[in-house]
Amino acid sequence: MQTKAFQKIYTKITKLSKATCSLNASGIGNEELAFVDGRSAQVIKIDKDEVTLQIFKGTEGIRTDAEVIFTGNPPILKVSDQLAGRFFNSYGEPIDGGPEIEGEEREIGGPSVNPVRRKQPSELIKTGIAGIDLNNTLVTGQKIPFFADPDQPYNQVMANVALRADSDKIILGGMGLSNDDYLYYKNLFDNAGALEKIVCFVNTTEDPPIERLLVPDMALTAAEYFAVNKNEKVLVLLTDMTLYADALAIVSNKMDQIPSKDSMPGSLYSDLAKIYEKAVQFPSGGSITIIAVTTLSGGDITHAIPDNTGYITEGQLFLRKDSDINKVIVDPFRSLSRLKQLVIGKKTRLDHPQVMNAAVRLYADAANAKTKRDNGFDLTDYDERTIKFSLDYSNELLAIDINIDVDKMLDTAWELFAKYFTKAEVAIKKDIMDKYWRGK
Amino acid sequence: MVKGKVVGIISNLITIEVDGPVSQNEICFIEHNKEKLMAEVIKISGNLAFAQVFESSRGLKIGLEVEFSGHMLEVDLGPGLLSKNLDGLQNDLDKKEGVFLKRGEYTHALDLDKKFDFISSAKKGDEVHSGDWLGYVTENWIEHKIMVPFKLEGRWKVKEIVKNGNYKITDKIAVLVNDNGDEETITMIQKWPIKVAVKAYKEKPRPFKIMETGVRIIDTFNPMAEGGTGFIPGPFGCGKTVLQHAISKNAEADLIIFAACGERANEVVEIFKEFPELIDPRTGRKLIERTTIICNTSNMPVAAREASVYTAMTIAEYYRAMGLRVLMLADSTSRWAQALREMSNRMEELPGPDAFPMDLPAIISNFYSRAGMVYLNNGKIGSITFIGTVSPAGGNLKEPVTESTKKAARCFYALSQQRSDSKRYPAVDPIDSYSKYLEYPEVQEYLTKNVGDNWVDNVLNAKNWLLRGKEAFDQINILGDDGVPVDYHITYWKSETIDFVLMQQDAFDKIDSITPFKRQKYMLDLILMICETNFNFESFEKVPPYFKRIINILKQMNYSEFKQDNFYNFENELKEVIKERSVQ
Ligand SMILES: Nc1ncnc2c1ncn2[C@@H]1O[C@H](COP(=O)(O)OP(=O)(O)OP(=O)(O)O)[C@@H](O)[C@H]1O
Ligand SMILES: [Mg+2]
C-alpha cells in the first residue's frame, strides 16, 4: 500500500472481532475505505471517536498495533474502455496479469436512477431456449434470476444465454465461484471469440467470503459506465447471489444485529433490491439487464433468500430435472417472466400469448393426470393424451438444450396441439384458432 | 433555531447531540459539504436525538452541523398535485435534474408560479371552520376546493375574500379572523403533518355504497365498499400488482392515489407509460388526469419509503375533504413494515414477532383507520377507499404484517400460489377470501336496489356452488373418477364453469379486463341458469369435454363486446349446446 499525503494513519486498534475492528479516529466518513495491515476494510459504524471497520479478508493475525490507513473515499472503480476483455478481483484489481486500468474514478454502489427518467423495456432478448423465449420471454432492462439446486447446470445455461443474446458487453460478477467454474467461463468466452466484450469481477471459493459483498457493485458500476456513457446494451451475470446473501448474514451477525427469517439480516430485501434495481432501460438506448443465479436448498423457494429475491426481480427461471425425459427443463409452473407482456404478441407473432398459455394449461392437466395415475386410479382418454403431450412438450420445447427461433417454437406447439387435442380442448380465441389450427 | 452535532452513525441512523428542545418526529437537516440531508427524529434520550436520514449516509462524519426545523414531516397541499409523480417525501420527480437521483436535492411538489381561476363560494362575514370551502379552482376537470386550512382550530370569520379571478397559488385568497382577533391569511396552499390524520369532517358513517372496480372476483364475489378497506396478500408473482393496476384503471373513483412503496421501478414506469394513453371509461378523460403517483421504489432510501404511505394518505385526505371519491392503493405495505423493522433493529429496541417492532399492529390499524367515507361539515360526502398489498415472507399468511392487516381491513383478497401456478388469474382464492361489506344490511340493500333484486342471494348461491364443487373434487380425488356418482363430476364442472368464466379474468385483454356490474349480472344469471340445469350423462368421461365446450363458448362471450352480434352469436351457440344434454 502506497500512502498518500492526505491519508490518515493510526496504529492503535482497541477492539477486534472475527470480521471487524474498532479504533479511535477522527474526521472519518461513513462507508470510507481503509486498509488494516494492508487488508481492505470499510467503515460500518461511527460512535463519537470510535470507528468500526469491517475487514473483508477477516481479522486473523491482526495485531492491536497494526497500521490502519483511511483513504478518504468509499470503494471506487476506475472506469474506461480499457475494462473490456479484462478479469478483476473483488477490489477491481486485475488478476489476468494485464496492466492496471486507467480511467475515471467512480464510487461503487452509486445513486439510483430517477424512475421518471427510465424508459419502459421493450426489446426482446433471444436465447433460443423455448423454456425462456416461448414461456418466459426476457427483455432488455429486466432483472431475473435462475432458481436452481446446486447440482443443476445453471452456470452453463447462463453462459449460453449470455453468448446467444445480442449484447454489447457481458459483465460477469462471480461470487464464491469454484475455480473450475471460473475457468469454464474464461475458456468459454475465449473460445467463442467474445473476450473483447467481456468484463469479469471474480471472487472464487478460495477468496474470503466477505469480499463478495463488493462484487455486484463493482460489476454494476462497470455496467453503468458502458450503458450510460457509451449507450451500450449491457448484460450483467451475477452468480451465485445466495452466497452473496450468506456473506451479508455473516457481517450482520458479527455486528450483533437481530436476525429475521432464516438468520438473514432484516435489511435483506433492501440490500438485494439495491443491486437488482440497477437493471434499467435508458431512453438513450443503453440498458443494463441482470441475469442472476440464486441456488436453492432442496428446491425450497420459501427460504428467505429466494423469497426476497422473488419479491424484487421481474420473475424467475426455475431449473429442474424432468425425470420423465431425463433432461433439465425450465419448469413452466414455477418460472415467470413478468416483462414478457411487453413483447409477446407484439415483437413476436400474434398467437404467442395464447399458445403459451394453452400449452402450459395442458401441461398442468398432464401433471394432474400423472398424480392420478400414481395414486392408482384409472386414466381417462383425455388424461392419456395430456401425458403423451407433456412428454413431447418437455422434449421439444422445455428442455434447455433447445436452440430454435420463436416462430419455430410456436409452430411446434401448434403441431403438438393438433396431434393430441381437439379445438375445444385447446380453447384459444377463435380468430387465432382459425388462422393457425393445424388439425381437423 | 435549535442546532446539533452528529455524534454517531450506523447506516442511516444518526445520533445527534442537541443544544435545545426538540420534538419527536421533528425534521432536521444534516449539513454535509454543500448538501443538506433531511432526517426525522425517531427517538430522544437526554440531549441525544436519534434521527433516520432520508438519504444515503455515505461520507457523513462526526461533528457535522444539524439544523432542526421546528416541525414534523409536512406536505404541501394545493392545486396542481394531480397527475404528479412524487417521491415519498413529496418531491416532484420530474423537476429533478439528470438521470440519477442526487442526494439532498429537494424539489417542490407544487408549481408555485402556476395560476388558477379562483371562484369564491364564501363571502365576507361567513363563519367557517377548518376544512370548509371558500371557493374553488379547476384542476384538470375537478373542482378543486380552496379550504380553510385543516390546522386552524375553532371558529373563524371571513374578513376578506378576493374577487373571482386568476391567481397564483401563493397569492392571498382570503383573510380569516377568530374570536381572539387573530388573523390568518389564506392562499391556495396549506401544510399538514403526514403522520397526523385529518379530522376536518362531521362524522364517519359505516360505508353503505359499493365501489365498482370492473374486476369480477371483487365486484361479484367480494365487493369493495366506497370508503372501505381491503388488502391483497400473496406470495411473489401471484398477481398483487397486476390486480391493483386493474382496479386503478377501472374503479368508479374520482381520483386515484397510487403509492408505489418499496417495489419495482419498472412497474411505476408502466403506469407512467400507460396512464397518459388509457381512457377512464366513465369520464372519457385520460387516466393520468385523475391519478397521482407517490413513488418510492425499493432502491430509493428506506426511511422515505416509510414516509411515502403517509404522504399518499394525507393527499387522499385532502381531496376527500373536497367531497371527492378517492381510491388509494399502496403496493406493498409489507415494505413499509420492513422499513420500520430496519430502524427498530438499528435502535436495538426489543423486537416483537419476526423482529418487527412490537407496536406494528397498532401502526397498521391506525393507518387503515384513516380511510373511510365521511360527511363533511357541509353535509357532502367524501371517501377514501384503501386497498394495500401485503407480501408475506415465504408466502405464509401466518406472519405479523398479514395478521395485523387482517384485523384492520374489511376485505381480504388472498392470492393463492396454487391458482397462480395454474395461471388462474386473478389468483384470488375463492374460498378463503371475503368481503365483510357483503354482510352489511345497508350494503345488501344498496346492491338490491342498484344491481338487481336477487343479486345477493345469487352471489351466495354461486359461492355455494364453488364450495360444493370443491367438496366433489376432493371426493373424486379420494375415491377415483368411477368411485363416485356422475353427479359429483357434474357438480365439480359446474363450479369450474363459475371459476373459469366469472372468477378468472384476463387483465391484459381490452374487453375482458373491464366488466361493468350490468355485464357481471348478465353473466352470473346465465351461469346460475346452467348450474340449475339438470344434465344427463351416460358416463363420467363425457362430463369434462362437454363442460369444456360450454366454458370455451362462455369465455368467447367474455372476449366479445357486450350485447353485440358476436356476443349473441356465442350465446345462441351456448343455448344449442345446453339443449343437447339438458333434461327437464
Ligand atoms: N390477471 C392476470 N392476468 C394475466 N396474467 C396475470 C394476471 N395477474 C398476474 N399475472 C401474471 O403474473 C405476473 C406477476 O404478477 P404481479 O407482478 O402482479 O405479482 P405480485 O404479486 O405483485 O408479485 P410481487 O410480490 O413480486 O410484486 C404478471 O407479470 C403476469 O404475468
Ligand atoms: Mg407486485
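Visitor: With which residue does B:R419 form a salt bridge?

Guide: The closest N and O atoms of the pair are 2.8 Å apart. A salt bridge is a side-chain nitrogen of Lys or Arg within 4 Å of a carboxyl oxygen of Asp or Glu. The partner of B:R419 is B:D499.

Visitor: At what pLDDT do side-chain atom pairs count?

Guide: Residues are numbered from 1 along each chain as its sequence is written, chains are lettered from A and ligands numbered from 1 in the order in which they are written, and side-chain values use heavy atoms, with hydrogens and water left out. This is a predicted model, in which totals for chains, interfaces and linings use all residues, local features need pLDDT of at least 70, and side-chain atom pairs count only at pLDDT 80 or more.

Visitor: How far apart do the C-alpha centres of domain 3 and domain 4 of chain B lie?

Guide: Chain B is divided into domain 1 (3–73), domain 2 (107–191), domain 3 (216–434) and domain 4 (455–583); such bounds come from an automatic or database domain assignment. For domains 3 and 4 of chain B, the distance between the C-alpha centres is 32 Å.

Visitor: Which three residues supply 43% of the area that domain 3 of chain B buries against domain 4 of chain B?

Guide: In contact (heavy atoms within 4.5 Å) are 15 residues of domain 3 of chain B and 26 of domain 4 of chain B. Buried area is the accessible area (1.4 Å probe) that two parts lose on being put together, summed over both. For these two domains of chain B that comes to about 1,900 Å², with 57% on carbon and sulfur atoms. Exceeding any other three residues on the domain 3 side are B:R216, B:F221 and B:R424.

Visitor: Which element gives the most to the side of domain 3 of chain B that touches domain 4 of chain B?

Guide: Helices (H or I, at least four residues) and strands (E, at least two) are DSSP runs, numbered from the N terminus. Between domains 3 and 4 of chain B there are four salt bridges. On the domain 3 side, the elements giving two or more residues are α1 (216–221) and α2 (240–250) of chain B. With five residues, the most comes from α1(B).

Visitor: Which side chain has an N or O atom 2.6 Å from an oxygen atom of ligand 1?

Guide: Ligand 1 lies between chains A and B. Of the 20 residues around ligand 1 (a heavy atom within 4 Å), those that come nearest are B:G237, B:K240, B:T241, B:V242 and B:R264. A side-chain N or O atom of B:Y425 is 3.4 Å from an oxygen atom of ligand 1, and a backbone N or O atom of B:C238 also lies 3.4 Å from one. The side chain at 2.6 Å is that of B:K240.

Visitor: Which three residues supply 14% of the area that chain B buries against chain A?

Guide: The contact takes 74 residues from chain B and 76 from chain A. The two chains bury about 6,100 Å² between them, 54% of it on carbon and sulfur atoms. Supplying more than any other three residues of chain B are B:R58, B:F236 and B:R264.

Methods
Polar contact = N/O pair within 3.5 Å; in protein donor to acceptor, adjacent residues only side chain to side chain.
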